[in-house]
Amino acid sequence: MGKYEAENPGYVMAEKRRILGVLVSGLGSNLQAILEACAKGGLNASVGVVISDKKEAQALDRARQFKVSEVYLDPKASDSREAYDQRILKELKRHTVELVILAGFMRIVTPVLIRAYRNRIINIHPALLPSFPGLHAQRQALVYGVKVSGCTVHFVDEQVDQGPIILQTAVPVLENDTEETLSERILAEEHRILVQAIQLFVEERLELQDRKVVIKELR
Ligand code: GRF
């Protein structure tokens, strides 16, 4: 315990805020949830940089509103998916990012990024994986006729949407649901479990045992 802490009972050393890099492609509502949690103290982290493959992504506006560095990387300026990920990696390193969040990011990341951030890339998927991987997961759930769907936060590895699962939550599918109404109900839960998963990472409470993620008690 430091001298100041000893003389000031109740002083809690503000732990170093972990630096996040958030990759986005669209609306950015998951980014918004992260930015608000960082600002309000619900998340002991800060967003170092927001990177998008879409110049007009509303998520970039949200980053600017929070005065967070934001970068548009044009995929057409790279001659391969690997070269594009090298550019992402350069930005992440420049902002000393420790944890990468794919928040509505619509590109598949390559081993270039996965190897550089092994078990430090988190994705949010709007279904209960391994059900309904890939695009339009909410529509897949409706078409299949499931009574319960939900969302999943998982680590990203080389198999798309198959990385170790960190958190999941169930969301009921209602009789008169449309893709829009179901997506909206799931999205609210995405925001909640994504922030929760990042906080667990920040608290170093996520332990990988083979492909199972064990959540350790707070020390
Ligand atoms: C969310 O459902 C997310 O799971 C999916 O894209 C949707 C929009 O995300 N990948 P956001 O509002 O851009 O965060």
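Analyst: A molecule is taken to sit in a pocket if more than half of its atoms lie within 2 Å of the grid points of that pocket. In this predicted model, the ligand sits in the largest pocket.

The shell around the ligand consists of Leu27, Gly28, Ser29, Asn30, Ala103, Gly104, Ile124, Pro126, Gln138, Leu187 and Glu190, and by residue class it divides into 5 nonpolar, 5 polar and 1 charged. Among the secondary-structure elements, helix H2 (29-40) and helix H7 (179-202) each supply at least two residues of this shell. At the level of domains, both domain 1 (2-6 + 15-117) and domain 2 (124-219) give residues to the shell, so the ligand lies between them.

A polar backbone atom of glycine 28 is 2.8 Å from an oxygen atom of the ligand, a backbone N or O atom of asparagine 30 lies 2.9 Å from a ligand oxygen, and for leucine 27 the distance between a polar backbone atom and an oxygen atom of the ligand is 3.5 Å. As for burial, the ligand taken alone exposes 370 Å², and the protein buries 83% of that area.

Two points of backbone geometry may also be worth checking when the model is prepared for further work. Most residues other than glycine have a negative phi, and most peptide bonds are trans. Leucine 129 and proline 130, however, are joined by a cis peptide bond with omega of about 10°, and proline 130 is found in the loop between strand S5 (121-125) and helix H6 (137-144). Lysine 67, which is not a glycine, has a positive phi of about 55°, and its place is in the loop between helix H3 (58-65) and strand S3 (70-72).

Conventions. Residues are numbered from 1 along each chain as its sequence is written. This is a predicted model: local features need pLDDT of at least 70, side-chain atom pairs count only at pLDDT 80 or more; totals for chains, interfaces and linings use all residues. Side-chain values use heavy atoms; hydrogens and water are left out. A residue is near a molecule or strand if one of its heavy atoms lies within 4 Å of it. A polar contact is a pair of N or O atoms within 3.5 Å; within protein, one must be able to donate a hydrogen and the other to accept it, and residues adjacent in sequence count only if both atoms are side-chain atoms. Accessible areas come from the Shrake-Rupley method with a 1.4 Å probe; for residues, only the protein chains shown count as cover. On a 1 Å grid over the protein atoms alone, a cavity is a set of points where a 1.4 Å probe fits but cannot get out, and a pocket is an open set with protein on both sides within 12 Å along at least five of seven lines; lining residues have an atom within 4 Å of a point. Helices (H or I, at least four residues) and strands (E, at least two) are DSSP runs, numbered from the N terminus. Ala, Val, Leu, Ile, Met, Phe, Trp, Tyr, Cys and Pro count as nonpolar, Asp, Glu, Lys and Arg as charged, and the others, Gly among them, as polar. Domain bounds come from an automatic or database domain assignment.
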